[in-house]
Amino acid sequence: MPDPEHLQPQSLQHFTLANGLHVFLREDHRAPLVSAQLWYHVGSSYEPEGHSGLSHALEHLMFEGSSKLAPGEYSRLMTRLGGEPNAFTFKDATVFPLTLPANRLEIALEAMADSMASATLAEAPFARELQVVLAERHEQFDNDPLTLAMEQHALLAYGSSSYATPTIGHQLDLKHMSNAAARTWYRTWYQPNNATLAVAGAIDLPQLQSMIERHFGGIPANRLPELTTPRMDPTPSQRIQTLHREGLRDGLLISYDAPSHATAAVQEQAHALRLLRYLLDVGDSSRLRRRLLDGEQTALALGSEYNSIQRGDSLFSLYAFSNPEKATPQQLKTRLLAEIEHCRQTPPDAAELARAKTKLLARQVFGQDDIFEQAYRIGLYASAGLDPSLLDSERQAIERVTGEQVRQAAYDCLTEDRMTITYMQSKESTDE
């Protein structure tokens with residue numbers, strides 16, 4: 001029988017090819033599957049003004065033809081092999097993940113390497129996929145009042161930071177995008193020395209290294225442009241706007257300029273902000289849900305977001321929809337800010353902090369049962385310029401955070417001058 005210890009996820013292993021491709025492996029032999037994810041370190045935050053959407057366009061085009069595969073053939077082939085080909089574009093990365101039987105991995109790696117070396121980016125697939133992206137933009141953003149409001153809120157909150165650029169691209173930029181621009185973007189960024197291959201599953205390091213050397217080793221490195229880290233204004237000031245739109249529910253979005261793990265002075269600050277989000281909003285016992293939703297019922301719905309794993313400064317955000325029978329958006333803002341101020345002045349008690357840690361750590365534990373999630377976290381760290389080996393000590397780092405550190409993070413980051421507020425009001429309510 002196999003050793004039970006061998007079946008559990010192993011410590012992270014790493015090697016780098018001579019051409020700069022970083023490869024990380026977390027062995028997990030509980031099932032005969034492997035998740036291989038090719039992360040290119042380029043996303044919407046890399047795009048120059050007037051050329052938004054290029055990374056998302058390349059997501060659509062990278063496997064639409066290469067020296068070995070015709071357009072559409074990659075998807076058909078990987079599906080026949082038992083995989084589910086997919087792709088994502090983020091602010092810092094473009095990702096091509098694939099989970100499939102371990103004995104089929106080499107075929108997938110060969111296809112990924114071929115795309116890196118020789119994607120054709122022909123005119124016909126480009127024209128077709130650009131129309132797909134425009135339709136996606138129209139359906140998911142321009143025709144969705146809330147999504148469009150959130151995009152406009154991000155533009156105001158991020159200001160001059162390149163994180164203000166929407167991942168899908170601005171509509172006008174998409175309409176003027178050329179295949180020549182897409183080809184230039186590909187030649188500039190889609191190189192082995194600007195990529196991480198994150199692998200989790202039933203394969204050992206010597207076997208994986210042999211495959212990757214065979215298929216990726218001959219691809220030459222390329223000189224990369226100099227990068228600037230997306231940072232917030234060093235002298236921030238409060239920003240406020242009001243959006244009136246048909247179909248938009250009354251409510252508000254509040255964001256605070258906040259450091260990420262990559263930009264925080266100390267890692268404890270980012271972990272403290274993660275726990276603060278759980279204290280405020282995650283779960284039925286969280287403060288805002290108990291007080292604003294279930295208690296006084298001034299809010300009909302609320303949520304929060306804090307992306308701590310990115311290469312530049314982040315946002316700590318709350319959103320809430322007001323109950324018209326109980327409060328206006330402005331009155332709801334007053335209640336939200338009162339709860340924020342309480343966090344800034346008073347540390348959570350031991351029991352409340354323990355509940356927040358349990359909820360956050362539970363997600364980490366559940367993620368260890370999913371090889372896709374394991375590989376995803378590795379790639380996410382790498383694309384943010386963080387050492388993925390920090391994942392092995394993340395639990396201990398979260399457990400060490402004190403209530404006073406949570407209060408201090410709130411005090412330092414959730415301040416009036418760091419705040420952006422977007423009031424959302426439907427045209428129907430303003431016309432009454």
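Modeller: The model is predicted. Helix 14 itself runs over residues 371-383, 13 residues in total. From first C-alpha to last, helix 14 reaches 18 Å, close to the 18 Å expected at 1.5 Å a residue. Helix 14 is mostly covered, with eleven of the 13 residues buried. Among them are Ile 371 and the run that includes Tyr 376, Arg 377, Ile 378 and Gly 379. Just after helix 14, Gly 385 has a positive phi of about 80 degrees.

Next, the helix pairing. Helix 10 (residues 267-280) packs against helix 16 (residues 403-413) at about 95 degrees, and their axes are 8 Å apart. Helix 10 is therefore roughly perpendicular to helix 16. On the helix 10 side the contact includes Ala 272, Leu 276 and Leu 279, and on the helix 16 side it includes Val 406, Ala 409 and Cys 413. The residues of this contact comprise nine nonpolar, two polar and two charged.

Last, the loop residue. Gln 191 sits in the loop between helix 8 (179-189) and strand 6 (195-201). Gln 191 is buried, at a relative accessible area of 12%. Its side chain reaches the backbone oxygen of Arg 187 at 2.6 Å. Apart from neighbours within four places in sequence, Gln 191 is in contact with Tyr 40, Met 116, Tyr 186, Pro 220 and Asn 222.

Definitions and conventions. Residues are numbered from 1 along each chain as its sequence is written. This is a predicted model: local features need pLDDT of at least 70, side-chain atom pairs count only at pLDDT 80 or more; totals for chains, interfaces and linings use all residues. Side-chain values use heavy atoms; hydrogens and water are left out. Helices (H or I, at least four residues) and strands (E, at least two) are DSSP runs, numbered from the N terminus. The expected span of a helix is 1.5 Å times one less than its number of residues. Buried means under 20% relative accessible area, exposed over 50%, partly exposed in between (1.4 Å probe, protein chains only). Axes are lines fitted to C-alpha atoms, for helices over the stretch in contact, and angles run from 0 to 180 degrees between N-to-C directions. Angles under 35 degrees count as roughly parallel, over 145 as roughly antiparallel, 65 to 115 as roughly perpendicular and the rest as oblique. Contact means heavy atoms within 4.5 Å. Ala, Val, Leu, Ile, Met, Phe, Trp, Tyr, Cys and Pro count as nonpolar, Asp, Glu, Lys and Arg as charged, and the others, Gly among them, as polar. A polar contact is a pair of N or O atoms within 3.5 Å; within protein, one must be able to donate a hydrogen and the other to accept it, and residues adjacent in sequence count only if both atoms are side-chain atoms.
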